[in-house]
Each structure stands twice: as structure tokens, then as C-alpha cells.
Amino acid sequence: MKKVLYVASESVPFIKTGGLADVVGSLPKCFPKEHFDVRVIIPKYACMKQQFKDSLRYVTNFYMSMNWRQQYVGIFETEYDGIKFYFIDNEEHFGGDKPYYGMPNDLEKFAFFSKAALSILPVINFRPDIIHCHDWQTGLVPVYLKERFQASDFYRGIKTVMTIHNLKFQGVYDIKTIKSITGLSDYFFTPDKLEMNKDANYLKGGLVYADAITTVSNTYAEEIKTPFYGENLDGLMCARSNSLRGIVNGIDYDEYNPETDSMIAQNYSARTFRKEKVKNKLALQSELGLDVDPKVMMIGIVSRLTDQKGFDLISYMMDEMCQDSIQLVVLGTGDEKYENMFRHFAWKYDKKVSANIYYSEALSHKIYAASDAFLMPSLFEPCGLSQLMSLRYGTVPIVRETGGLKDTVQPYNEFEGTGTGFSFTNYNAHEMLGTIRYAERIFYDRKREWNKIVDRGMAKDYSWGNSAKQYEEMYNWLAGF
């Protein structure tokens, strides 16, 4: 029986700000119970929903030294979907009304969390073979393990995996502050360890000391070895390329299932989508005040409205796109300039564009089910989950060939009759518009071809089972089985 511990700053259903929470909440339950004992540690945030707080059972507490002071560590636990979750409690660090506050607050919070996650193991009587750390918030776990825990028999031989969900976020601050927070000696603040450009970097520490590194798609694993995508860590990623692998994320096929989804107007399947899917479009059109027309091509966008997601391309081409026979439904929040850009076009073309500048789980499901196509022209995309949800709902993705988008969306080839979506290569607004218009042409003029693209997309399997097998293989390799 292999024991694996996931350490992360968020996990569904307890707390979620992004895709990281989906991974940490969904992946552990996909391993065969007879071979794997997988458990999860996350912070006990005060901003969790009350129902989850009520489900936690108090285990014990102790005090842990954090450099120059003793800090309280409370331990709570619960079981969810057959997986044991531990929660680390400390009002000072996790008492706010949201999980992240930005630098420098989060530095102290996650240094404490990383050290506490290691410190509670003997107390809860769980010695993992492998600790699987996620993103910069847990970057210090492999560092602390090597620095002070390895000396005790209990910890000796524990292996660590570091997963990069998005290399852009690294936990960087000045060395003096981080030295004082972490209590690490000068030895760790050199260019081959935590130091980067005269600052200290949590994620870099994790990447230097972890036994294996994964990221969330094959293409992204290659891209981050280059200066453009490498965020100043491309040299380290090249140096550690033997330990680096890409494993594409999955989605929860029970939660995202057009046959059983209770949030959508009309359920449908790969067999019935030709007749039934359009009813979702009609329902959404009337709900959002768009022209109610079953034949018009509806393009959906569910996203953070940021530069990373390609919204500068969209804003550049928005007027031209609105000349076409399409409707555009947008859901999400982000940079003010993009929020206002969509509000403006929703006012200018009120029957064609719907701008929903907030987030709603229910509306996101309705958009996946109602849209004909889904637009994702990202500048970079480590994995991306929206395109996987689109494929599941028979909504054809239009994407830029980067990271996980390139790995999961096969471009349509009209001569071979293959492909599950449409894609363009260069980060260029005219190239994006050309690809959208090519998709429009197939949608309007070659409906049977379009439906075959949908068929192929819905036949793909991007559930977690596939990814879990690749993680299993890596765990076995690490643990020497």
C-alpha cells in the first residue's frame, strides 16, 4: 500500500479560486483504494462555507516554532468522497474573508502552512511515501523536509513531487524578509537554491528540492523550458528536464455531464445532441435577452478576463466579430478594461452580445450546454479546463495552439475529416478572426461536417481516470516499486 499526501492551498468542495482546487479535490479519489492511501492537507480558512466547517472534527493542537516565535497549530479532519482531509487551523493566518491577500501577507501564511503540514504527520500517525505539493504556496515543503525534518527517522526517505499549475505565480519577495519569515539559513539563499535575481522565490525552492516535477500538460512542460514561457525559471526547468513531465488535467465527468446536469434547460447525450442541444440555446437566449433564433451561431466565453487569456486579441477584433452572424455570451470577471469593453459591446449590440461580469457556476454550465462554439485564444495556458468541458458538452472549441489547448483540441481537417475543434498558431488577432470565420463557414454551410466534429469531441475521454494512471506510474517509479 503506497501512501500519498497532497498538500495544497485549496481544494473543492471546501475552498476554490481556480483550477488548482478542482485537481486537488478530484484526483485523489481516482486511485485504486487497495493500492493507494491518498490524503489531503489544506488550510482551515475562516471563509469556508459554514456547512463544511460544521463537518470538521477537532483532532488536537500543538505549538510549532516559526523562526523567532511559537505558533499555534490546530488539526481538524473530515472524510469526503472516501478521501481523508486534514485542515490546519490558525486564526492569525487563515482567519480572513478570502484565502489569498497577496504579498507579503501570503508569504508568512504559506511558510507556516508548509512547515505545519510536515509537523502534523507524526501527530496524525500518517507517514506518506510521497508528498505531492501544488504550486508556490507549498514550495517550501520540499525545502523544509530536506533542511530540518530529514534528520529524524520518521521523515527519512519521504519523496516529494512539485506540480506547477501556473508558472507565472512563484511567491517572490526580498531575501531579508523571507529569511526572517522562514528561519532558513544563508545556505539556502544562493542562485542554485531559493535566490533569483537578488530575491527569494518559494516555488524555485520547491523545484530545486523536489524529487519529481510535473506540470499540467505535455506542451506546457516543453514551453516552460523557453524564455518566453519560462518566467525566469527556464534555465532551471532545462536543468531538471529529466525529472519534469507533463500530465494533462481531467475534469469530473459526473459533475460535467450533459445527460444528467440539473443546471441546464435540456439534458442531451452524444446520441441526442442534434435535436436536444439547441433547446439550451433557446432557453439561454431568452434568459439573457438576446435574439431568440435556433439557427444563429452562439460563441461562449467563460474565463478570467485577463491578458493571459487572450482578451487583447478579442478586444481588437470585437467590432469586426459583431458584424458577423453570431452571438457572443461572456461570463467572468478580471481586468477592468476587459470588463468595460464587454459591457460596451453588450450595450452597442444588445441583441448579439451578453456580458455577465460576475461568476456563476449555474450560468457557466448553461453556456457550455447552449453554445455552438467556445472561444479560448490564450497567450499561454498550462492546461485549461474550459476546453475540456466544452468538448464534453458538444461545444466546439476555438483555441490558440499553446500548452494544454494544443494537447487536447485536435484542429479540424476538412480533407481528412478529422479534428475536434479549430485552432490557430500565432498570437495574432487577424489569425484568430480568420479561424473564427472558418468555423462559422463550416457551421453555416456544412452542418453535417460540424456535427461530426461535435461527435468526435464528445467521444473523447478527458475524465480523471486517464491522468490518474500516469500519476500512478510516477508514484511507483518514485517509491521504487
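Trainee: At the start of α8, the backbone nitrogen of which residue does a side-chain oxygen of N201 reach?

Mentor: The model is predicted. In it, helix α8 covers residues 202-209, and N201 supplies a side-chain oxygen at the start of this helix. That oxygen comes to within 3.0 Å of a backbone nitrogen, which belongs to L203.

Trainee: How many of the 8 residues of helix α8 are buried?

Mentor: The buried residues of α8 are Y202, L203, K204, G205, G206, L207 and Y209. Because of this burial, α8 is largely enclosed by the rest of the structure. The number of buried residues in the helix is 7.

Trainee: From which element does the largest share of the largest nonpolar core come?

Mentor: The largest nonpolar core has 93 residues, and those touching the most other members are F31, I41, I88, I120, I131, L207 and Y475. The largest share of this core amounts to 8 residues, and it comes from α4. Apart from this core lies another, of 72 residues, with V409, Y412, I442 and W450 among them.

Trainee: At roughly what angle do the axes of helix α4 and helix α7 cross?

Mentor: Two packed helices are described by the angle between their axes and the distance between the axes. L107, E108 and A111 of α4 meet I178, I181 and T182 of α7, and the residues of this contact divide into 4 nonpolar, 1 polar and 1 charged. The crossing is right-handed. The axes of α4 (residues 105-119) and α7 (residues 175-182) come within 10 Å, and the crossing angle is roughly 35°.

Trainee: With the side chain of which residue does T163 form a polar contact of 2.6 Å?

Mentor: T163 is found in strand β7, residues 159-164, and counts as buried because its relative accessibility is 0%, below the 20% limit. Setting aside residues up to four places away in sequence, T163 touches H132, C133, H134, D135, T214 and V216. The polar contact of 2.6 Å joins the side chain of T163 to that of H132.

Trainee: Is E381 buried or exposed?

Mentor: E381 lies in the loop between β16 (373-376) and α16 (386-392). Beyond residues up to four places away in sequence, E381 touches Q308, K309, M376, T402, G403, G404 and L405. The relative accessible area of E381 is 4%, which is under 20%, and therefore E381 is buried.

Conventions
Residues are numbered from 1 along each chain as its sequence is written. This is a predicted model: local features need pLDDT of at least 70, side-chain atom pairs count only at pLDDT 80 or more; totals for chains, interfaces and linings use all residues. Side-chain values use heavy atoms; hydrogens and water are left out. Helices (H or I, at least four residues) and strands (E, at least two) are DSSP runs, numbered from the N terminus. Buried means under 20% relative accessible area, exposed over 50%, partly exposed in between (1.4 Å probe, protein chains only). Contact means heavy atoms within 4.5 Å. A polar contact is a pair of N or O atoms within 3.5 Å; within protein, one must be able to donate a hydrogen and the other to accept it, and residues adjacent in sequence count only if both atoms are side-chain atoms. Axes are lines fitted to C-alpha atoms, for helices over the stretch in contact, and angles run from 0 to 180 degrees between N-to-C directions. A crossing is left-handed if the near helix is turned anticlockwise from the far one by less than a right angle, and right-handed if clockwise. Ala, Val, Leu, Ile, Met, Phe, Trp, Tyr, Cys and Pro count as nonpolar, Asp, Glu, Lys and Arg as charged, and the others, Gly among them, as polar. A nonpolar core is a set of buried Ala, Val, Leu, Ile, Met, Phe, Trp, Tyr and Cys residues joined through side-chain atoms within 4.5 Å.
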